[in-house]
Amino acid sequence: MKKKSIIILVVAIVAVIAIIGSVISSYNDFVEDYEEVQAASSAISTQLQRRADLIPNFVETVKGYTNYEQSTLTAVTEARSKVASASTVNEQEQASDELNRAISIWVNAVTEAYPELKANEQYRALQDELAGTENRIAVARKDYNEDAREYNTEIKRFPGKILASLFGFESVDYFEADAGASAVPEIDFD
């Protein structure tokens, strides 16, 4: 009888250790996945800040050639400061969209009004930098969304869902396409 009790006790201890080990492993996986999401979000912030830092140089280059329209420039400047102060994914997304619209309107208006500006080497270099930064932002958003998907899937699967709710892990938001992203852009070569 004593031998049977010892075997049952050992099995129970092994089962409890296995369960505790599984909980610890799941918790660590949640933490690791969440940190990957945070790192990806930081990469987006870095690229948005890079773009915001390029804009003053772009503005100064254009100012040298133009009598720029103050209201349009003000919109770009205000949108730039919103990007710098955004702290959540949704705030970053909204501020970035607003900056994209402001830059697009401003750049298109200026390049149409001052065709000689298109030929300026510094202007072209800054335009290339902005285009490269836009590509980096797109890649950073894609990476963020992949990490967010992995994390959200992990905390929504069973039994992870139970453990995630016990430890307070919540799903994260995705970056989504701009509201007008499906519209075909108008291209004017004049």
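View 1. Lys142 is partly exposed, its relative accessible area being 46% (buried means under 20% relative accessible area, exposed over 50% and partly exposed in between, with a 1.4 Å probe and protein chains only). This is a predicted model, in which local features need pLDDT of at least 70 and side-chain atom pairs count only at pLDDT 80 or more, while totals for chains, interfaces and linings use all residues. Residues are numbered from 1 along each chain as its sequence is written, and side-chain values use heavy atoms, with hydrogens and water left out. Lys142 forms a salt bridge with Asp143 (3.6 Å, N to O), the term denoting a side-chain nitrogen of Lys or Arg within 4 Å of a carboxyl oxygen of Asp or Glu. Glu146 forms a salt bridge with Lys142 as well, the closest N and O atoms being 3.0 Å apart, and shared partners join Lys142, Asp143 and Glu146 into one network.

**View 2. The salt bridge between Lys82 and Glu98.** The closest N and O atoms of Lys82 and Glu98 are 3.0 Å apart. Lys82 lies in helix 2 (residues 70-85) and Glu98 in helix 3 (residues 89-113), so the pair ties together parts that are 16 residues apart in sequence; helices are DSSP runs (H or I, at least four residues), numbered from the N terminus.

**View 3. The two faces of helix 6.** Within helix 6 (residues 160-167), Gly160, Leu163 and Ala164 are buried. The face turned away from the buried side of helix 6 carries the exposed residues Lys161, Ser165 and Leu166.
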